[in-house]
Number of protein chains: 2
Amino acid sequence: MKFSEVSAVLPSGPGGFTAEVDARWTIAGKPNGGYLLAMLGRAAAGVAAHPDVLTASACYLRAPEPGPVAIEAEVLREGRSATQVRARMSQEAKGCVEALLTLGRLDPDAKPYWQAGLPEAPSVSRERCVRLPVPDSFPVAIMRQIEVRLEPDSLRFAEGAPSGRGELRGWLSLPDDEPFDPVSLLFALDAFPPATFDVAMSGWVPTLEFTTYVRAVPAPGPVRVLHRAQLIQDRRVDEACFVWDSAGHLVAQSTQLAAIRLG
Amino acid sequence: MKFSEVSAVLPSGPGGFTAEVDARWTIAGKPNGGYLLAMLGRAAAGVAAHPDVLTASACYLRAPEPGPVAIEAEVLREGRSATQVRARMSQEAKGCVEALLTLGRLDPDAKPYWQAGLPEAPSVSRERCVRLPVPDSFPVAIMRQIEVRLEPDSLRFAEGAPSGRGELRGWLSLPDDEPFDPVSLLFALDAFPPATFDVAMSGWVPTLEFTTYVRAVPAPGPVRVLHRAQLIQDRRVDEACFVWDSAGHLVAQSTQLAAIRLG
């Protein structure tokens with residue numbers, strides 16, 4: 001099933017939406033956080049005067065079970081060039097995810113005016129990258145939906161020998177090669193395994209805060225992703241993610257702070 | 001007046017606080033955004049089971065006038081190691097700032113376990129840095145409260161000749177050299193001029209989204225700050241900020257997306 005279908009939201013009243021969390025977009029039974037954020041993005045776009053999600057900052061409260069969820073989206077301020085929205089997903093009246101979003105209008109013809117200090121996009125071709133194996137021991141249902149292909153050098157964690165660089169590079173595509181849009185980029189920013197897997201296998205790395213910026217309308221085709229860890233300290237890690245479209249433009253970026261059993 | 005005083009919040013009921021926005025902590029009459037976020041941080045700490053702000057993501061709706069504001073802080077979830085809080089500042093019943101915060105416990109003895117790709121801390125001594133001049137043409141009252149000292153190389157924008165690197169490096173101290181705490185670090189992350197001033201003088205650069213992570217309890221003394229722009233595109237720019245304490249440890253970091261009249 002296409003991402004646009006599994007992330008669809010249905011209006012159910014003023015600012016209210018219903019949606020269905022798909023059991024196939026889960027890791028060990030828990031829905032992917034970027035997938036849930038994309039649903040909030042669609043709800044926010046449904047109430048805002050501006051069409052495109054520019055920023056979304058999420059606070060994950062508890063993972064919903066696959067099945068029906070309710071979403072409320074409230075316009076906090078409508079300005080000339082941006083609308084600010086609070087959106088909240090709940091299940092059986094319990095809050096699951098809350099996010100603050102900014103919506104505006106992305107110019108489909110925008111080009112970089114100035115840049116500095118950004119990482120290089122992954123350079124190994126998609127063909128030479130390797131599809132991430134689905135472990136038998138751990139049910140990662142989502143990996144049967146999306147195609148994550150990692151550079152051979154980024155796959156060392158899967159053999160128990162992380163490189164120590166804390167960096168995963170590769171390609172991502174959606175089911176049926178559906179083109180990305182600004183909302184599905186929110187998912188793309190959370191589609192890769194934790195970058196810390198390339199430092200040490202630490203088990204689960206639960207997100208404390210996740211902030212995403214959409215920088216451009218993506219060209220059709222698979223996207224390139226760079227996910228990297230920066231500082232592990234006091235049992236927390238910050239990770240940054242960058243997404244480039246098939247034309248080589250940086251289209252989305254994110255940061256997250258996560259808890260980790262290291263440091 | 002000390003920062004802890006001008007950013008203090010007073011309980012006024014369950015989850016409710018009052019505070020006074022100080023007219024001296026303004027730029028052209030508008031309160032500094034990091035100063036307002038610090039107030040939300042203090043309110044969040046007032047309702048949370050955990051003492052230290054770890055993350056704060058802010059959505060700026062409208063600038064309050066100097067004077068009284070109301071703050072509401074609501075615990076969204078209390079977990080074993082973290083409390084998640086929504087906080088909202090309003091003035092005359094109009095929303096000014098809304099933020100999602102995560103609180104936890106910072107280990108005062110934490111050391112970096114692993115790091116990669118982080119920028120170097122500014123290396124020019126505080127004495128060799130130059131106090132940011134207060135322009136006569138533009139009232140930047142806050143610059144009479146804090147001391148921002150920039151490396152000579154970061155001051156070229158003040159002479160109308162930005163370096164083009166999009167990077168400001170220097171030192172920051174609070175009134176009376178008050179030691180920083182995790183909440184005043186939220187302010188430190190927004191104390192420097194826009195990093196884009198070192199690209200081109202573009203006028204006002206209003207923040208669309210501001211996300212802060214506090215990584216450690218700061219040692220007493222002034223902090224070093226690096227504020228840098230990354231990508232200007234489609235009339236928006238992302239900026240990253242890093243703060244190191246006097247012992248040289250990275251203690252806070254942030255990203256923001258802002259609107260800019262370039263690109």
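Visitor: How do you know that the copies, chain B and chain A, meet through the same surface?

Guide: Happy to start there, keeping in mind that this is a predicted model. Of the interface residues of chain B, 100% are also interface residues in chain A, so the two copies use the same surface to meet. In numbers, 54 residues of chain B are in contact with 54 residues of chain A.

Visitor: How much area is buried between chain B and chain A, and which residues of chain B lose the most?

Guide: About 5,000 Å² is buried between the two chains, and carbon and sulfur atoms give 55% of that. On the side of chain B, the residues that lose the most area to chain A are B:Trp114, B:Arg215 and B:Gln233, together 16% of what that side buries.

Visitor: Why is the pair of B:Glu98 and A:Arg86 called a salt bridge?

Guide: The cut-off is 4 Å between a side-chain nitrogen of Lys or Arg and a carboxyl oxygen of Asp or Glu.

Visitor: How many salt bridges does the rule find across the interface of chain B and chain A?

Guide: It finds four across that interface, while the count over all chains comes to 24. There are also 39 residue pairs in polar contact between chain B and chain A. The residues of chain B on the side that touches chain A divide into 26 nonpolar, 15 polar and 13 charged.

Visitor: What makes β14 of chain A and β9 of chain B a pair of strands?

Guide: Pairing needs at least two bridges. Strand β14 (residues 223-233) of chain A and strand β9 (residues 112-115) of chain B have three, in the antiparallel sense, so they count as paired. As for bridge partners, A:Ile232 has B:Trp114 in β9(B).

Conventions
Residues are numbered from 1 along each chain as its sequence is written. Chains are lettered from A and ligands numbered from 1 in the order in which they are written. This is a predicted model: local features need pLDDT of at least 70, side-chain atom pairs count only at pLDDT 80 or more; totals for chains, interfaces and linings use all residues. Side-chain values use heavy atoms; hydrogens and water are left out. Contact means heavy atoms within 4.5 Å. Buried area is the accessible area (1.4 Å probe) that two parts lose on being put together, summed over both. A polar contact is a pair of N or O atoms within 3.5 Å; within protein, one must be able to donate a hydrogen and the other to accept it, and residues adjacent in sequence count only if both atoms are side-chain atoms. Ala, Val, Leu, Ile, Met, Phe, Trp, Tyr, Cys and Pro count as nonpolar, Asp, Glu, Lys and Arg as charged, and the others, Gly among them, as polar. Helices (H or I, at least four residues) and strands (E, at least two) are DSSP runs, numbered from the N terminus.
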